[in-house]
Amino acid sequence: MSRKKPTTRRKVRDHSQRPSSIALCMIVKDEEDFIGQALESVKGIAHQIVVVDTGSTDRTVEIAHEHGAEVHEFKWNDHFGDARNHALQFVRGDWVLILDADEELMAGTCDDLRDDLNNARALGLRIPLIN
């Protein structure tokens with residue numbers, strides 16, 4: 001009696017069926033003066049906002065919540081890569097946009113970015129920011 005091995009199929013994304021999604025990812029601490037502007041600049045493009053807070057004592061977390069962000073805590077260990085990896089585990093998008101709290105997308109960038117995201121040949125994008 002022979003047993004058949006189950007076949008494994010990889011799902012290939014067909015970009016013609018639905019637009020690509022983009023998630024914003026930020027690592028922050030005490031950025032209440034800037035985070036609102038940064039989050040406002042991506043509201044037309046980001047379907048998900050992931051903010052990892054490394055110990056803010058100001059209104060940073062509150063402002064992030066006001067803009068619809070998922071806020072996750074991370075105890076700072078002097079390794080930025082560890083904080084970034086912690087943030088990335090929560091992302092549910094086809095693409096990830098990583099911004100600092102004092103950066104924002106330039107006006108008019110969202111439409112161009114949305115078009116570029118659906119280019120099946122794109123492996124990555126470089127976009128202009130305001131810092």
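**View A. Phe80 and Trp76 form an edge-to-face aromatic pair.** Phe80 is partly exposed in this predicted model, at 38% relative accessibility. Trp76 is likewise described as partly exposed, with a relative accessible area of 36%. A search of the whole structure turns up 1 aromatic pair, and it is the one shown here: the ring centres of Trp76 and Phe80 lie 6.4 Å apart. Their planes meet at 65°, so the arrangement counts as edge-to-face.

**View B. Four strands make an open, parallel sheet.** Follow the strands across and you will read the order E3-E2-E1-E4. Strand E3 (70-73) and strand E4 (95-98) sit at the edges, each pairing on one side only. From one strand to the next, the twist averages 25°. Helix H3 (residues 80-88) packs on this sheet and touches E1, E2, E3 and E4. The direction of H3 makes about 145° with that of E1.

**View C. Strands E1 and E2 run side by side in parallel.** Here we zoom in on one pairing within the sheet. Strand E1 covers residues 22-28 and strand E2 covers residues 48-53, with 6 bridges joining them. A handy place to start looking is Ala23, which stands opposite Gln48 in E2.

**View D. Thr60 is a buried residue of helix H2.** Helix H2 spans residues 60-66. Thr60 has a relative accessibility of 1% and therefore counts as buried. What surrounds Thr60, once its neighbours within four places in sequence are left aside? The contacts are with Val28, Asp30, Glu31, Glu32, Ile35 and Asp53. For one of these, Asp30, the C-alpha atom is separated from that of Thr60 by 5.8 Å, although the two residues are 30 residues apart along the chain.

View E. Which residues does Ser41 contact, leaving aside its neighbours within four places in sequence? They are Glu104, Leu105 and Cys110. Take a look at Leu105 in particular: its backbone nitrogen lies 3.0 Å from a polar atom of the Ser41 side chain.

Conventions:
Residues are numbered from 1 along each chain as its sequence is written. This is a predicted model: local features need pLDDT of at least 70, side-chain atom pairs count only at pLDDT 80 or more; totals for chains, interfaces and linings use all residues. Side-chain values use heavy atoms; hydrogens and water are left out. Helices (H or I, at least four residues) and strands (E, at least two) are DSSP runs, numbered from the N terminus. Buried means under 20% relative accessible area, exposed over 50%, partly exposed in between (1.4 Å probe, protein chains only). Contact means heavy atoms within 4.5 Å. Two strands pair if DSSP finds at least two bridges between them. Axes are lines fitted to C-alpha atoms, for helices over the stretch in contact, and angles run from 0 to 180 degrees between N-to-C directions. A polar contact is a pair of N or O atoms within 3.5 Å; within protein, one must be able to donate a hydrogen and the other to accept it, and residues adjacent in sequence count only if both atoms are side-chain atoms. Rings of Phe, Tyr and Trp (its six-membered ring) pair if their centres lie within 6.5 Å; planes under 30 degrees apart count as stacked, over 60 as edge-to-face and the rest as tilted.
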